[in-house]
Amino acid sequence: VTRDATAAGGSAPTCSQNVHAAIEAAFAMLETPEGAAQLSQLFGSCSTLPTGEAGRKEFGQFVQAAWDVMAMGDYPFPLDFMFGTPDHPAPAYPVRVACGSLAFDPSTATNATLLAGLAQALGVYYNVTKNVQCYDMAVNPTTGSSWDYMVCSERIINELPYFHAKGWPHDMFWPQPAWTHAMYDAHCNATWGV
């Protein structure tokens, strides 16, 4: 995913660094109710994000899911089978398009600039139709519950989460633990009883 958001992947050279910095700025805002409210408004959440770890998880999964799907659909032609619609297809090279919103010098970027760039970049995936009024960040943003149930009932360990991240400078996300069989079993049992 991160490689697609670098010059080696054809994107703006500063994209992955700016994505990481924007996530860090967002996570800092989620420490206070005021910051969570501001971040929710900036990113178009239908409801105010929770603070602390719950907010970081909800917002982080919302961000990472968009980049994951855009990277999976990073084809050189418009498409509508992964996201988009026949009338509003996803753009060719959606990661490159999203990275266009983050193509600024990170050494002079403010948190406001970083967050606005990330919000615009996520719109390439979440609002390809340009008619989404707000986002329900509490729901699995890429598939809802259907994919999670299928993964749990079919025992596909590699799907939760899509990728575990090590954090900067290894990737543009934040450090996340790899899912173990015990974590996977606990999630599936608690969520689906399977």
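Q: What should I know about the model and its numbering before I start?
A: This is a predicted model, where local features need pLDDT of at least 70, side-chain atom pairs count only at pLDDT 80 or more, and totals for chains, interfaces and linings use all residues. Residues are numbered from 1 along each chain as its sequence is written, and side-chain values use heavy atoms, with hydrogens and water left out.

Q: How are the helices and strands named here?
A: They are DSSP runs, numbered from the N terminus: helices are H or I with at least four residues, and strands are E with at least two.

Q: Which hand does the crossing of H3 and H5 have?
A: A crossing is left-handed if the near helix is turned anticlockwise from the far one by less than a right angle, and right-handed if clockwise. H3 and H5 cross in the left-handed sense.

Q: Which residues make that contact?
A: Contact means heavy atoms within 4.5 Å. H3 contributes Phe59, Phe62, Val63, Ala65, Ala66, Trp67, Val69 and Met70, and H5 contributes Leu118, Ala121, Leu122, Val124, Tyr125 and Tyr126. The contact of H3 with H5 has 14 nonpolar residues, no polar and no charged.

Q: At what angle do H1 and H5 cross?
A: Their axes cross at roughly 110° and come within 9 Å. H1 and H5 are therefore roughly perpendicular to each other. On the H1 side are Asn18, Val19, Ala21, Ala22, Ile23, Ala25, Ala26 and Met29; they meet Asn111, Leu114, Leu115 and Leu118 in H5. The contact of H1 with H5 divides into 10 nonpolar, 2 polar and no charged residues.

Q: How do I read the largest nonpolar core?
A: A nonpolar core is a set of buried Ala, Val, Leu, Ile, Met, Phe, Trp, Tyr and Cys residues joined through side-chain atoms within 4.5 Å. Buried means under 20% relative accessible area, exposed over 50%, partly exposed in between (1.4 Å probe, protein chains only). The largest core has 45 residues, of which Phe59, Trp67, Met70, Leu118 and Leu122 touch the most other members. Elements giving two or more residues to this core are helix H1 (15-29), helix H2 (33-42), H3, strand S1 (79-84), H4 and H5. H3 gives the most, with 9 residues.

Q: What does Phe59 touch beyond four places in sequence?
A: Phe59 touches Ala26, Phe27, Leu30, Leu39, Phe43, Leu49, Leu118 and Met137.

Q: Is Gly60 buried or exposed?
A: Gly60 is buried, because its relative accessible area is 1%. Gly60 sits in helix H3. Leaving aside neighbours within four places, Gly60 contacts Phe27, Gly55 and Trp174. The C-alpha atoms of Gly60 and Ala26 are 9.0 Å apart, across 34 residues of chain.

Q: Where is Ser101?
A: Ser101 lies in the loop between H4 and H5. Ser101 counts as buried, at 13% relative accessibility. Not counting residues up to four places away, Ser101 touches Gly117, Gln120 and Ala121.

Q: Which residue other than glycine has a positive phi of about 65°?
A: Lys130 has this phi. Lys130 is in the loop between helix H5 (111-126) and H6, and is exposed at 67% relative accessible area. Tyr93 also has a positive phi, near 45°. Tyr93 lies between strand S2 (89-90) and helix H4 (94-99), and is partly exposed at 28%.

Q: Which peptide bond is cis?
A: The bond from Trp168 to Pro169 is cis, with omega near 10°. Pro169 is in the loop between helix H6 (145-154) and helix H7 (181-192).

Terms used. Ala, Val, Leu, Ile, Met, Phe, Trp, Tyr, Cys and Pro count as nonpolar, Asp, Glu, Lys and Arg as charged, and the others, Gly among them, as polar. Axes are lines fitted to C-alpha atoms, for helices over the stretch in contact, and angles run from 0 to 180 degrees between N-to-C directions. Angles under 35 degrees count as roughly parallel, over 145 as roughly antiparallel, 65 to 115 as roughly perpendicular and the rest as oblique.
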